[in-house]
Amino acid sequence: MALAQHFSGGWGHIVCLNDWELGTLEVSEVIERLVEWCIVNGLERAANVYQPSALKHAVINKMIVSEQDGFVRAAFDNLQDAADWLTEEGFPTAIE
């Protein structure tokens, strides 16, 4: 949040969730508030990266909107596709 406050204009990010093992209701509430804060503060594109998982997909979709006020979220099973999508959406990335 501290870093994002210094961004001017819209921004995008990649969230790698392969090692995320879900969480409690309290964690979900924190994530929901963080996502809302990010959108209000200029987040326009979010690329979620995780191996296909019906459970993760359902939980993430419950916590994080897919589209809202110019914000769009997409899910990918690999980092390169996520980076390519962000670049196509106007948020260039450099994968090393």
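Me: What do the buried residues of α2 pack against?
Reply: This is a predicted model. In it, the buried residues of α2 pack against α1 (25-40), β2 (43-49) and β4 (71-76).

Me: Which residues of α2 are buried?
Reply: Helix α2 covers residues 54-63. Its buried residues are Lys56, Ile60 and Met63. Seen down the axis of α2, they fall within an arc of 65°, so they line one face of the helix.

Me: And which ones are exposed on the other side?
Reply: Ala54, Leu55 and Lys62.

Me: New topic. How many residues are in the largest nonpolar core?
Reply: That core has 15 residues. Leu43 and Ile60 have the most contacts inside it. The elements that give it two or more residues are α1, β2 and α2. The largest share, four residues, comes from α1.

Me: What does leucine 43 touch, leaving out residues up to four places away in sequence?
Reply: Leucine 43 touches Trp11, Gly12, His13, Cys38 and Phe71.

Me: What about a second core?
Reply: A separate core has eight residues. Among them are Ala47, Val49, Ala74 and Phe76.

Me: Why would such side chains gather inside?
Reply: In soluble globular proteins, nonpolar side chains tend to be buried together.

Me: Switching to cysteines. How many disulfides are there?
Reply: The count is zero. A disulfide needs two cysteine sulfur atoms within 2.5 Å. The sulfur of cysteine 16 is 15 Å from the closest cysteine sulfur, in cysteine 38, so it is too far for a bond.

Me: Is cysteine 16 buried or exposed? And cysteine 38, buried or exposed?
Reply: Cysteine 16 counts as exposed, at 54% relative accessibility. Cysteine 38 is buried, with a relative accessible area of 8%.

Note on methods: Residues are numbered from 1 along each chain as its sequence is written. This is a predicted model: local features need pLDDT of at least 70, side-chain atom pairs count only at pLDDT 80 or more; totals for chains, interfaces and linings use all residues. Side-chain values use heavy atoms; hydrogens and water are left out. Buried means under 20% relative accessible area, exposed over 50%, partly exposed in between (1.4 Å probe, protein chains only). The arc is that of the directions from the helix axis to the C-beta atoms. Contact means heavy atoms within 4.5 Å. A nonpolar core is a set of buried Ala, Val, Leu, Ile, Met, Phe, Trp, Tyr and Cys residues joined through side-chain atoms within 4.5 Å.
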